[in-house]
Structures are given as C-alpha cells and as structure tokens.
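Let's take a look at the pockets in this protein. Here is the model to keep beside you as you read.

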Amino acid sequence: MFSKSVIAGLGLWLVAGLAGFGAGSADAQGREKGWTLCNRTSYVIEAAVARYEGQGVVVDGWKRLRPGACELALAGELRPGVHYLFGRSSTAHRGGRKVWGGDVPLCVDSSGSFSVESPQDCSAMGLEPRDFRPVLVENKSSWSTSFTETEDYDAKKSAAAGVQRLLADAGVFNGNIDGDIGRKTRTAIGEFLSQNNLPAETSDDDLIDVLEQIAQERGRNIGLTLCNRTRNRIWSAIARRRGEGWESRGWWMLESGGCARVIDEPLLTAEHFVFAEMEEGGKLRTLKNATDPFCVARVRFAILGRKDCEAAAYRTGLFKATPPAENRRLMFEFFERDFAEADS
C-alpha cells in the first residue's frame, strides 16, 4: 500500500518525448498463458493489441495499465509470429497524450472498449486509424512486452513515479518525478489522503485510481485544450504573452478525434493563438484566416519572442487568435472548414 510501502520505501517510438517498448520475452515467472503487457513508465497507459485471425487482423482495446503493473492482454495459447501493439497515456496527464506506437496503421475505437477486425477504411465503420508497433511473439505459451520511457524504471520505481506524476496532475505536488519517495512526496500523499477522507491504509491501486479521477476532472476545468474534429492528423502549436514578451510552443500531434490539453493552468485574460498543419495525401493544409506571425521550429520547441524568426534558424508561421477564455478555460476545435486546400 502506498500509505505504507511507498512511504516506507517507496519505449515503441515516442511521439512527443518518451522512449519505447521493452524487448519482448518468454515469461519466466509463471504468469498466466498469453501475452502480458507491463507498464514501466510513470503514466497510466491504455493499450490496444492486434493479432492475425483468419484472413484479417483483429484489434482489441483498451487494456488499462497502472504504473508498475502488468496485465494479461491476450489470454490463452499464442500463435507465434507478428502481433501489434499501441499505447496512449491517460487523459489525466498534463501536456497532451503521449503515444507509444509504430508505423502500421490499424483501426481503433478511441472512445471506449472494442474488439474489431480492422477494415481497409476505418471511417466506414466509425473507427479511427492509429499507428501500431509490430511485436514478434516467439513463444506460444506466454510472452511479455513492457512500455518504457527514457528513465529506466523497475516495477516499484515506476509505481512510485506514477503516484508522483498523478499527484502533480491533480495539483497537489510540484516536486521531482523520479520514483524516489522522499519527505516532500510523503507529505503530499498524506495531505491528499486526509483532504479526500481516504484511510491511511488505502491500497496502491486505489490511490492511483482516485488520483487519476481527480486529475481528469481538474483538467476539464482549467487550461487550453485543442481538439481535432477532422479526418486527418494535425500538428498543432500555440502562442501567448508571457510576462512582457511573447512565447510560441509546439508541437502537439492530434489524431482524428483526439484532444490535447496544451496549457495546464488557469487561463488569464491574455490573448492566445493557435497554429496547425493538417496532413492529407502526403501534403499539408494550413489554417485559413491566420494572420498573426510567430516563430516555429521543425522539432518540438518553446521560443521566446516573435521577431526575426529566420535569423534565429526558425521559420515564421501564421497563427490564429482564439476566442477569449471563459471561467479560466478554453477548448479550441479544428474542423475541415478551417483549413485551406493544399497546393497542387
């Protein structure tokens, strides 16, 4: 239990900053037969798996993995060969969803649990494409694959770092997320349990679950959220005044139907601007009616100032002003009609 064990002792290629998958292996610890997924990150992860059945590929999701936990994703005897795996972080986490994936497009239902034979056209069945990572399963009895990030966490450190991250997401902790439970983290855990009338013997799993719910609710009530209401992938960025100057920041990848909370603090009355490029048929479509210039970079960026972009090895992008925030928050949605046609 975190109230005792944590206090006592307590990648997949990344889109937007993490690491990947741990190498698959036969299960040497006698787990149930099947394909086991382990979460060795500080994030709550929702995973989808796929395997060949008959003439098609069947995709199942979502399997929820608490930090440090392992769960059986496919039960029973396995068919050795290529399987597929995709993961996304919980909406409770700040900074937009982290994605663990590859380059094999398969169809998912992003809104809830599903099991489907992936069709050629995802939209025809009301599904959305996601890029899965191939995983070679070499044992018919059991196999395991781990989600990882840049920090090399074992199960205990992953669980501890997960609690630290969720405490921060819930707005009750601002220390390091490192999997080392010190006085500051112990104090935050104790205050959280007390404030939410939870017993000191609250289990690890229950603590993570409650923290996730509170962080999700907090995220709905503050900040700036960008949502993709198109059929294609969007790369997005924001700009706003910071102190006496200006700041532009990006990139957030928004899959079709996806959202990212890009500012995790209450919005003030200052202006906010958005930038987006939509992928379509190998070309990019840019926002219409975007007139405010800010600097952008080819890779993830946070740039202070908005002048002389090219002289600083950036490029100038035209941003669009958002409506004013209401009650400290704003959701900005991108629709097909917001984008100009791609140049031929």
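S15 (245-254) gives the most to the lining of the largest pocket, with four residues. Strands like this one are DSSP runs of E with at least two residues, helices are runs of H or I with at least four, and both are numbered from the N terminus. A pocket here is an open set of points on a 1 Å grid over the protein atoms alone, where a 1.4 Å probe fits, with protein on both sides within 12 Å along at least five of seven lines; lining residues have an atom within 4 Å of a point.

This is a predicted model, with pLDDT of at least 70 needed for local features and 80 or more for side-chain atom pairs, while totals for chains, interfaces and linings use all residues. Residues are numbered from 1 along each chain as its sequence is written, and side-chain values use heavy atoms, leaving out hydrogens and water.

Nearest the centre of the largest pocket lie Thr91, Arg97, Thr225, Cys259 and Ala260. Among the elements giving two or more residues to its lining are helix H4 (204-221) and strand S7 (81-89).

Now for the second largest pocket: Arg94, Gly95, Arg249, Asp264 and Arg300 are the closest to its centre. S15 turns up here too, supplying the largest share of the lining, four residues. Helix H2 (155-169) and strand S20 (301-304) are among those that each supply at least two.

Volume means the space filled by probe spheres set on the points, which are joined across faces, edges and corners.

| Pocket | Volume | Lining |
|---|---|---|
| Largest | about 800 Å³ | 37 residues |
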